[in-house]
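Dear colleague,

I am handing over the structure below, and I would be grateful if you could look through it alongside the notes that follow.

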Amino acid sequence: MTTEAVISVRDLWKVFGHKAEQVPRSAELSALSRRELMDRTGCTAAVRDVSFDVAPGEVFVVMGLSGSGKSTLVRCLTRLIEPTSGQVVFEGEDILGADKKRLRELRRHKFSMVFQNFGLLPYRQVLDNVSYGLEIRGAGRAERNRRAMEVISLVGLDGYERSYPDQLSGGMQQRVGLARALAGDPDVLYFDEPFSALDPLIRRDMQNEVIRLHREVGKTMVFITHDLSEALKLGDRILIMRDGRQVQCGTGAELVGAPADDYVRDFVSDVPKANVLTLRWIMRDRRDGDTLDGPELSPDVVVRDAVRPVLAAGKPVKVVENGTLVGVVTTEEILGVTA
Ligand SMILES: Nc1ncnc2c1ncn2[C@@H]1O[C@H](COP(=O)(O)OP(=O)(O)OP(=O)(O)O)[C@@H](O)[C@H]1O
């Protein structure tokens, strides 16, 4: 996976404090809990030995409670924060070795960030906020206005290009933030809790907006949230962090179906399983006596969508992948998840 990953993170540490560099190097110090490390050295280990890959076009969510290290981790990926040790390989290039000039190029052309507080310039109209990055790159006015209008339209803000940020609602301001991030056609979009400050209904709209945009533009996205339902809704895969460490990285179904430990189990305990698990997770082996002349479904069908066909069949439903029978599902397995 490493060669084709867009982002490949290995053994990444970020320690704040005077003796920061010593911590990852010392087996003794790196094994301490955050609290113990703070007491012994005065250092905070915000990110501890994290490794993962992000695939092209993936929506990769980093989730954890406040203080778990999400923001620090994602800021290390663009070097807004300097990692203490480890590797961050972006499209095959170790960006921890990039000099200032290269870093500036990467930030202008390859990544964009969307922040919780929108980060808009208050004295610039929407059009000029969106085209700001293009202006810095040196694009001419006609070219940057053309591109800005294109992305303003993409995020549903047609007609607002001459408005100022304070004339717009929070949701609309965040759409401007999204348009600005898309304007430079980056390879990766980083979202740092972009919707946390929005009302629940607007927040839901914006989540749907991200899903729609992802479908339309297919960009790789790294999305931070502390909200599990947001993570499950948006993420192809989710990395769960706790006290700076990664606890589990997997699809929503993997987190719910096979939690790595009690912490994750507890975290996902309220998730409606039928909405997340697929038939792969609940199917059983075929048994002698199963009548297999009924309908068939793919193992990737979500249980919720299989309830009707399975109950209607009144006999075992075949679960078939690439022409091969991989299991069967009956009312019993369905009820085991939905009841
Ligand atoms: N500049 C800093 N100096 C010292 N400690 C820091 C610094 N930035 C973050 N920390 C500490 O690192 C830990 C992780 O913080 P971080 O902001 O990454 O967590 P988070 O999961 O993003 O939390 P939140 O959702 O509240 O932003 C926290 O204990 C925090 O206090």
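**Strands, ligand shell and helices**

Arg10 stands opposite Gln87 in β4, where helices (H or I, at least four residues) and strands (E, at least two) are DSSP runs numbered from the N terminus. Please keep in mind that this is a predicted model, in which local features need pLDDT of at least 70, side-chain atom pairs count only at pLDDT 80 or more, and totals for chains, interfaces and linings use all residues. Residues are numbered from 1 along each chain as its sequence is written.

The facing residues belong to a pairing of strand β1 (residues 7-16) with strand β4 (residues 85-90), which is antiparallel and runs over 5 bridges; two strands are taken to pair if DSSP finds at least two bridges between them. Contact between two residues here requires their C-beta atoms, placed from the backbone, to lie within 7 Å.

Both β2 (44-54) and α4 (70-77) also supply at least two residues each to the shell around the ligand, and the largest share, 3 residues, comes from α4. Among the residues surrounding the ligand are Phe16, Thr44, Lys70, Ser71, Thr72 and His226. The shell divides into 2 nonpolar, 9 polar and 1 charged residues, with Ala, Val, Leu, Ile, Met, Phe, Trp, Tyr, Cys and Pro counted as nonpolar, Asp, Glu, Lys and Arg as charged, and the others, Gly among them, as polar.

Elsewhere, 11 of the 14 residues of α9 are buried, so this helix is largely enclosed by the rest of the structure; a residue is buried if 20 or more other C-beta atoms lie within 10 Å of its own, exposed if 12 or fewer, and partly exposed in between, with C-beta atoms placed from the backbone. The elements covering the buried residues of α9 include β6 (111-115), α8 (141-154) and α10 (200-217). Just after α9, Asp185 takes a positive phi of about 50°.

Finally, Val301, in the loop between β11 (296-297) and α16 (303-313), is partly exposed, with 17 other C-beta atoms within 10 Å.

With best wishes

Key:
Near = placed C-beta within 6 Å.
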